[in-house]
Amino acid sequence: MRIAIIGAGNVGQALGQGWTRRGHDVRYGVRNPADPKYRDLTTATPDEAVAGAEIVVLATPWPATEAAIKGLGDLAGRIVIDCTNPLGMGPDGLQLVVGHDVSGGELVAQWVSGAAVFKAFNTTGFNNMADLSGYAVAPAMFVAGDDAAKKPAVIGLVGDLGFEAVDAGPLRRARLLEPLGMLWIDQALNRGAGRDFAFAVVRKKG
Ligand SMILES: NC(=O)c1ccc[n+]([C@@H]2O[C@H](COP(=O)([O-])OP(=O)(O)OC[C@H]3O[C@@H](n4cnc5c(N)ncnc54)[C@H](OP(=O)(O)O)[C@@H]3O)[C@@H](O)[C@H]2O)c1
């Protein structure tokens, strides 16, 4: 599939490298495509990267996401995968800046025009998106989105990276997935877990 990844940082590159290995055509939309730090990547301006792409992946810092979306133009008919976590600084450090009655994923759906928005890839670290080797069971990746016809394509992209894709229901379930992302961050950064862990769904035999 033609995939445009907006933001070529930790998450963007981890996803892009995995999907490239699986034969997808990945282009990164970045603010300065000529930046030498991107010399090994196929980069374009964000609006150029999304032209002709079936999938648009948002891997930008939360405060930059609305402006980044506005620069993409009309996304009618596309799948948008929102990997962001709506983070800001609070008295105890990083915290979610929306929740309960709206999620970052739903705000993204308000900002894009005409696309099917899915929340995914926000509940684990970029290191796991890059490399799932060493786990006894496949880590889970939850996918929330309203478009039932387009959801299998997103589930497929999740599976391409080795995750067990779990349908989390409609996009408003991003209200559950973003706190789960925050739990991963808190474990990794504040509870001594480091980055080499992931959430999995384990099931009783029989
Ligand atoms: N890090 C993780 O493990 C992790 C895990 C799950 C979810 N997330 C979420 O994923 C998102 C990205 O995280 P990250 O760690 O990959 O961040 P990062 O390494 O800082 O990368 C962010 C990228 O966004 C680009 N960017 C910033 N503003 C932009 C704009 N207006 N238009 C286009 N590109 C823009 C930056 O590129 P330039 O500055 O070169 O333009 C940079 O390459 C965040 O929302 C984060 O909460 C992160």
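First thing I looked up: how far is an oxygen atom of the ligand from an N or O atom in the side chain of Arg 195? I got 3.4 Å, which I log as a polar contact (a pair of N or O atoms within 3.5 Å). Then I checked Tyr 38, where a polar side-chain atom lies 2.4 Å from an oxygen atom of the ligand. Gly 9 comes in through its backbone, with a polar atom 3.1 Å from a ligand oxygen. The protein covers 80% of the 900 Å² of accessible area that the ligand has on its own (Shrake-Rupley method, 1.4 Å probe).

A note on what I'm working with: this is a predicted model, where local features need pLDDT of at least 70 and side-chain atom pairs pLDDT 80 or more, while totals for chains, interfaces and linings use all residues. Residues are numbered from 1 along each chain as its sequence is written, and side-chain values use heavy atoms, with hydrogens and water left out.

Next, the shell. I found 25 residues around the ligand, taking a residue as near if one of its heavy atoms lies within 4 Å. The closest are Val 11, Arg 31, Tyr 38, Thr 60 and Phe 126. By class I have 13 nonpolar, nine polar and three charged residues, with Tyr counted as nonpolar and Gly as polar.

Which helix gives the most to the shell? It is α3, with three residues. I also noted that α1 (10-21), α3 (62-70) and α5 (126-130) each supply at least two.

Last, the whole chain. I logged seven helices and 10 strands (DSSP runs: H or I of at least four residues, E of at least two). The C-alpha atoms fill a box of roughly 45 × 40 × 40 Å along the principal axes.

Note on methods
A polar contact is a pair of N or O atoms within 3.5 Å; within protein, one must be able to donate a hydrogen and the other to accept it, and residues adjacent in sequence count only if both atoms are side-chain atoms.
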